[in-house]
Each structure stands twice: as structure tokens, then as C-alpha cells.
Amino acid sequence: MTDVDIWSDATFMAAVGEAVWAPSIHNSQPWRFRRTADGIEVLVDRDRVLPVCDPDLRAARVSCGAAAFNLRLALAVAGAPAVWTIGSGDVVVHLVPDRGRPVTPAECRLHRQIRRRHTNRSGFAEAQVAPGVMTQLVEEAADEGGWLHVVDGESALWTVAQLTREADAQLKADPAYVAELRAWTSADDDVQGVGRAAAGAAPHSAEMMPRRDFGGPSREDTRDLTGAPVVAVLGYQGEHRMHEIQAGMALQRVLLRAADLGLATAMYSQPIEVPAVRERLRLALRRPYSPQLVLRFGYAPTTCYTNRRPVGDVIDR
């Protein structure tokens with residue numbers, strides 16, 4: 001801890017207002033934020049953890065790590081940078097003020113994308129993503145300590161797609177999963193869950209990578225809406241609790257950089273939610289540690305955003 005002033009209430013509230021725009025499974029927003037004597041804590045909100053999709057809180061920790069990355073960016077841009085450590089128990093990350101320093105151009109660039117970034121649940125254009133663009137995303141993940149494995153080659157791509165389809169089918173065969181999905185399918189003006197406007201068209205069997213069904217309209221077109229985009233898998237150099245949190249930070253850094261590069265992103269967590277499939281995916285990628293998320297990058301028009309809860313609802317007083 002350096003000799004610096006603690007953050008003001010206004011700085012804290014503004015930073016939390018940016019943090020909540022992190023992604024989360026079913027837009028469940030499983031985070032809370034708390035002022036402490038020396039800084040800010042990011043906590044898992046157990047009341048918002050999905051018991052079927054996320055029984056071990058892995059996805060919640062990834063999402064809270066992503067929110068903590070947004071918090072770090074917001075504080076840096078406000079001229080009040082932070083240093084952070086992994087917390088214990090439900091505390092995911094503990095941030096304390098660092099000495100003042102100029103905000104970097106990279107931080108400004110990523111910060112501008114926090115509210116522009118969103119998950120694309122609709123179709124992609126057929127335009128190809130240049131290899132050099134993906135190299136930049138790989139570097140962003142590595143700079144945050146994670147890895148982004150770009151799936152190269154038709155055989156490897158179909159292996160990942162098949163594992164995703166298999167996991168999706170297993171999940172949909174569970175009535176509890178279906179009920180949980182329906183519970184988080186919300187009205188368009190709700191502050192949580194995924195509404196029809198953000199859901200995209202209903203999934204179709206012709207799609208190589210199955211999307212979740214959040215009640216979007218059915219369509220006659222059987223074309224694969226995912227088109228030509230690149231598939232990649234994100235993970236971290238370890239698979240304990242702390243690595244899941246850090247994977248969330250790496251994820252958000254990659255997502256914000258992708259948005260900065262004009263890319264749309266779709267996320268597929270189904271093969272991660274089924275442990276046996278997750279292990280087969282790890283083996284297929286020849287990685288020593290479990291993957292945390294399957295991603296697809298491409299070009300697409302801006303679609304409808306999911307909403308967020310008011311800042312006051314996510315702060316522990």
C-alpha cells in the first residue's frame with residue numbers, strides 16, 4: 001500500500017457503474033461491490049449464481065473477474081489507479097489505491113469500449129477476420145496472463161463445434177436446466193436476464209455452433225447464422241479459484257479489444273458447463289489446463305444490448 005488518498009464516493013460509484021457492464025451467464029450479474037477502509041472489494045453474489053449451469057461458482061468467478069477488470073480501467077481513466085490482489089471466500093478481488101500516474105492510451109482505448117461491447121446472439125457477416133487481428137487478441141490475453149487458442153483448420157473447428165453441440169444437447173435434456181434458462185429469459189425492459197430483443201433469432205439445427213434459446217423469433221432461413229467468423233477458446237495457466245478470476249480479467253480485456261477492433265463476439269459456455277465435455281475439449285486443444293470459454297469473433301451490426309441493474313442495487317452498504 002502506497003501513501004495515497006482513498007477514493008471518493010463519487011469515484012467509487014462511477015467506477016462501479018462501469019464494472020457492471022461485464023458479461024455474465026444469462027446476464028445474471030453475479031457480483032457485488034463493497035467499500036472497505038482501504039479500498040474496494042468485488043464479491044460473488046451467491047443469490048444470483050445459477051445452480052444448474054454453475055454449481056461450483058466457476059462462471060460467477062469468471063464474471064466477477066471481468067467486472068474487476070472494468071473497475072480497474074474506470075479507476076485508471078479517472079486518475080485514481082488501483083493495485084489488486086485475489087480475495088478469499090466470496091471476495092473475488094480486493095483493490096487499493098496506487099500512486100497517481102498518467103492513464104495509458106491502451107487503457108483509454110479499452111475503457112471507451114466498456115458500454116459498447118455486447119454479446120452478439122444474431123448472425124455474422126461472411127467477411128473473414130484477418131489473422132493479424134486475431135494475433136492482437138492472442139497478445140491481449142497473454143498480457144493479462146491468460147491464453148487464447150485460435151482454432152485453426154476445418155477438422156479442429158468441427159471438433160470444437162461437435163463438443164459444443166453435444167454439451168448443448170446434454171444440458172437441454174435436463175428439465176432443471178430448461179427451467180433455469182426460462183427463468184432468465186426476461187422482458188426487454190428488465191434489468192437482468194436476456195430479453196427477446198437481445199436474444200437474436202431462435203436457434204436452428206443448421207447452426208454449427210448452437211446458441212441458447214432465449215425466446216427469439218423463429219425463422220425460415222436455415223443458413224448457419226454464425227457464418228465465417230473465427231472460433232477461439234480462452235483459458236488461464238491454472239484451474240483453481242484464483243485462475244478462474246484471472247481468466248475473467250483476461251476475457252474482458254480480449255472482449256474490449258475485440259470491440260475496439262470492430263469485431264462482434266459470441267460466447268458459448270455449454271462445453272465448459274459439462275465437466276466431461278470440458279475435459280475432452282482440453283485434450284483436443286492439447287492444453288495442460290481446462291478452458292474457460294469458447295468464443296466466436298466476426299463482423300456484425302450492433303444488436304440490442306442486455307440491461308444492467310442500477311448501481312445502488314449492487315453495492316453493499
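In the predicted model, 21 salt bridges are present in the structure. One of these is formed between the side chains of E140 and R257, whose N and O atoms are separated by 3.5 Å. This pair links distant parts of the chain, since E140 belongs to helix α4 (residues 131-143) whereas R257 belongs to helix α8, 117 residues apart. Both E140 and R257 are buried.

A further salt bridge is found between D143 and R253, with the closest N and O atoms 3.6 Å apart. D143 is part of helix α4 and R253 is part of helix α8, so that this pair ties together parts of the chain lying 110 residues apart in sequence. The two partners fall into separate accessibility classes: D143, with a relative accessibility of 55%, counts as exposed because it is over the 50% cut-off, while R253, with a relative accessibility of 18%, counts as buried because it is under the 20% cut-off.

In an α-helix, with 3.6 residues a turn, residues three or four places apart point the same way. D260 has a relative accessible area of 23% and is therefore classed as partly exposed, whereas R257, with a relative accessible area of 11%, is buried. Through shared partners, salt bridges join R72, R109, E140, D143, E144, R253, R257 and D260 into one network.

Helix α8, which spans residues 241-260, also contains E244. This residue has a relative accessible area of 8% and is therefore buried. When residues up to four places away in sequence are left out of account, the residues touched by E244 are R58, R61, V62, E239 and Q292.

Elsewhere in the model, 5 strands are arranged as an open sheet of mixed pairing, in the order β3-β4-β2-β1-β11. The edges of this sheet are formed by β3 (82-86) and β11, each of which pairs on one side only. Strands of a sheet pair through backbone hydrogen bonds, in either a parallel or an antiparallel manner. In the case of β1 and β11, the two strands run parallel and are joined by 2 bridges, and F33 stands opposite I315 of β11.

Two helices are in contact with this sheet. Helix α1 lies across β1, β2 and β11, and its direction is at about 170 degrees to that of β1. Helix α2 packs on the sheet as well, where it touches β1, β2, β3 and β4 (91-97), and the direction of α2 makes an angle of about 160 degrees with that of β2.

For helix α1 (residues 9-19), the buried residues are F12, A15, V16, G17, E18 and A19. The packing partners of these buried residues include the strands β1 (31-35), β2 (40-44) and β11 (315-316). Helices are also among the elements against which they pack, namely α2 (58-77) and α3 (105-111).

How values were computed
Residues numbered from 1 in each chain as written. Predicted model: local features only at pLDDT ≥ 70, side-chain atom pairs only at ≥ 80, totals over all residues. Heavy atoms only, no water. Helix = DSSP H or I, 4+ residues; strand = E, 2+ residues; numbered from the N terminus. Buried < 20%, exposed > 50% of the residue type's maximum accessible area, 1.4 Å probe, protein only. Contact = heavy atoms within 4.5 Å. Pairing = 2+ DSSP bridges. Axes fitted to C-alpha atoms, helices over the stretch in contact; angles between N-to-C directions. Salt bridge = Lys/Arg side-chain N within 4 Å of Asp/Glu carboxyl O.
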